[in-house]
Amino acid sequence: MKYLWSFVFSILLLPAIAQGPTAVKGEVVFRNVNVIPMDRERVLPNQTVVVKDGKITYLGEAKNARFGKGATVVEAKGKYLMPGLAEMHAHVPPVDDLEPMKEVLLLFAANGITTIRGMLGHPRHLELRNKIKSGEILGPHFYTSGPSFSGQSVKTPEQAAQMVRQQKEAGYDYLKLHPGLTKETFGAMARTAKEVNIPFVGHVSFDVGVWRAIEAGYSSIDHLDGFIEGLVPGIENMTEQQTGLFGMFVADKADTTQIPRLMQGLKTKNIWVVPTQALAERWFAPLAPDHFSQAPEMVYMAPNVRRNWENSQKNLQANPQYNAARIKDYIQLRRKLILACQQNGVGLLLGCDAPQVFNVPGFSTHHELQYLVDAGLTPYQALQTGTVNVAKYLNQAQYSGTVKVGAVSDLILLAGNPLQSIAQTRQIEGVMLGNRWLPKTYLQQELQKLEKK
Ligand SMILES: [Zn+2]
């Protein structure tokens, strides 16, 4: 009834009130814009970029640009145009209702995230993927894993093999692994996955360990899971409770002389790494619970979610094994591992695991970029993890993660140069999502609708 009335009112009021800003469909021209093409570290100053039907049709001097009379011209003097970013450890709500999914998609899009990989699948995500593809639902390009393989969902090798076949058949892009797999269930999963040709990604179970994981050929290992445990001598005599999540309680026991061997293994097997360092820097860090919970972006999360996040942090800090000084060293060791990946040619992909503790979808991807820079990457290298590296990983013909003629027109217009300061990726003036231009005014209006009281 409420919806009916608001519908009637909006019809009645339509001629009387001015319409709010809208998304623009059609040809778009960016004038006088500085382009960050991401093919190498450079800025092309004062360019004209023309976009039509989801592709970049022109990039160059204004005088040679051709576009239709009806084109939307965006005056972008002093601004920067870069490829849209990918979030490779995203979570779309695994529920039966599409509405909460749309909210998350908007949070990503408003933050210039134009591609996401869903890391906990649900049958309705397959439908969502189709609706995004057809343009019925506005959202980033969506790749999705299936429902999780874990100690709970997989009890026998036979069951593991059967689940792989079912998920491949259903059309999921990836298999998502969670903790709790045994050597046997993991082995059956990996063998069947290779047989039917579907990549597996995510956690490394404690029982499996990173060395066996590398041997089995993960497509991507997320959270640096198993890395630190794999460096600790005598790990086979410890329990998962002792080592803590992602080895947080045993970092001081890691033999760092083994890092080159770890990197060699990852590189040889072409295994990509999604660090999700935001988890360590935000959730695990020895900070007061209100350190992040008052940030402006928290307004998009329901109050009970924020309370749960604060409690998760308090509970972790109350663990008798938790020690502030040692956790700081643990975070440093994770940074060192991220930098080692970069320096050894192990492919890094941008991802931060929102909505985990203090990670708001879309916003947290920009924090992750900062954490990569804190780990020692240059801003350009950090941007690569969310653009060209992702294109290489996904290996799709049109998607190059660069700004060039013929490329998919997923773009972010920024107020400042992110190659100089990575924080500039947050100064978003508008987002081009395929064939739709979403100006800042429109994004702000839509974000406001998502604010939770
Ligand atoms: Zn996750």
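Predicted model: local features only at pLDDT ≥ 70, side-chain atom pairs only at ≥ 80, totals over all residues.
Residues are numbered from 1 along each chain as its sequence is written.

**Exercise 1. Describe how domain 1 and domain 2 divide the chain and meet.**

Step 1: Start with the bounds, which come from an automatic or database domain assignment. Domain 1 covers 21–83 + 402–449, and domain 2 covers 93–394.

Step 2: Take the centres over C-alpha atoms; those of domain 1 and domain 2 are 30 Å apart.

Step 3: Look at the contact (two residues are in contact if their C-beta atoms, placed from the backbone, lie within 7 Å). Domain 1 gives 20 residues to this contact and domain 2 gives 17.

Step 4: Find the elements; helices (H or I, at least four residues) and strands (E, at least two) are DSSP runs, numbered from the N terminus. On the side of domain 1 that touches domain 2, two or more residues come from each of strand S14 (410–414), strand S15 (428–433), strand S16 (436–439) and helix H17 (440–449).

Step 5: Sort by class: Ala, Val, Leu, Ile, Met, Phe, Trp, Tyr, Cys and Pro count as nonpolar, Asp, Glu, Lys and Arg as charged, and the others, Gly among them, as polar. This side of domain 1 has 13 nonpolar, 2 polar and 5 charged residues.

**Exercise 2. Work out how helix H4 packs on helix H5.**

Step 1: Two packed helices are described by the angle between their axes and the distance between the axes. Axes are lines fitted to C-alpha atoms, for helices over the stretch in contact, and angles run from 0 to 180 degrees between N-to-C directions.

Step 2: For H4 (residues 157–170) and H5 (residues 183–196), the angle is about 30° and the axes are 8 Å apart.

Step 3: Name the arrangement: angles under 35 degrees count as roughly parallel, over 145 as roughly antiparallel, 65 to 115 as roughly perpendicular and the rest as oblique. H4 is therefore roughly parallel to H5.

Step 4: By class, the contact of H4 with H5 has 8 nonpolar, 3 polar and 3 charged residues.

Step 5: Zoom in on Met189, in helix H5. Leaving aside neighbours within four places in sequence, Met189 is in contact with Phe149, Ala160, Val164 and Phe200.

**Exercise 3. Decide how helix H10 lies against helix H13.**

Step 1: The axes of H10 (residues 277–284) and H13 (residues 324–343) come within 10 Å and cross at roughly 165°.

Step 2: H10 and H13 are therefore roughly antiparallel to each other.

Step 3: Gln277, Ala280, Glu281 and Phe284 of H10 meet Ile327, Ile331, Arg334 and Ile338 of H13. This contact of H10 with H13 divides into 5 nonpolar, 1 polar and 2 charged residues.

**Exercise 4. Is Asn270 buried or exposed, and is Thr276 buried or exposed?**

Step 1: Recall the cut-offs: a residue is buried if 20 or more other C-beta atoms lie within 10 Å of its own, exposed if 12 or fewer, and partly exposed in between, with C-beta atoms placed from the backbone.

Step 2: Asn270 has 12 C-beta neighbours inside 10 Å, so Asn270 counts as exposed. Thr276 has 27 other C-beta atoms within 10 Å, so Thr276 is buried.
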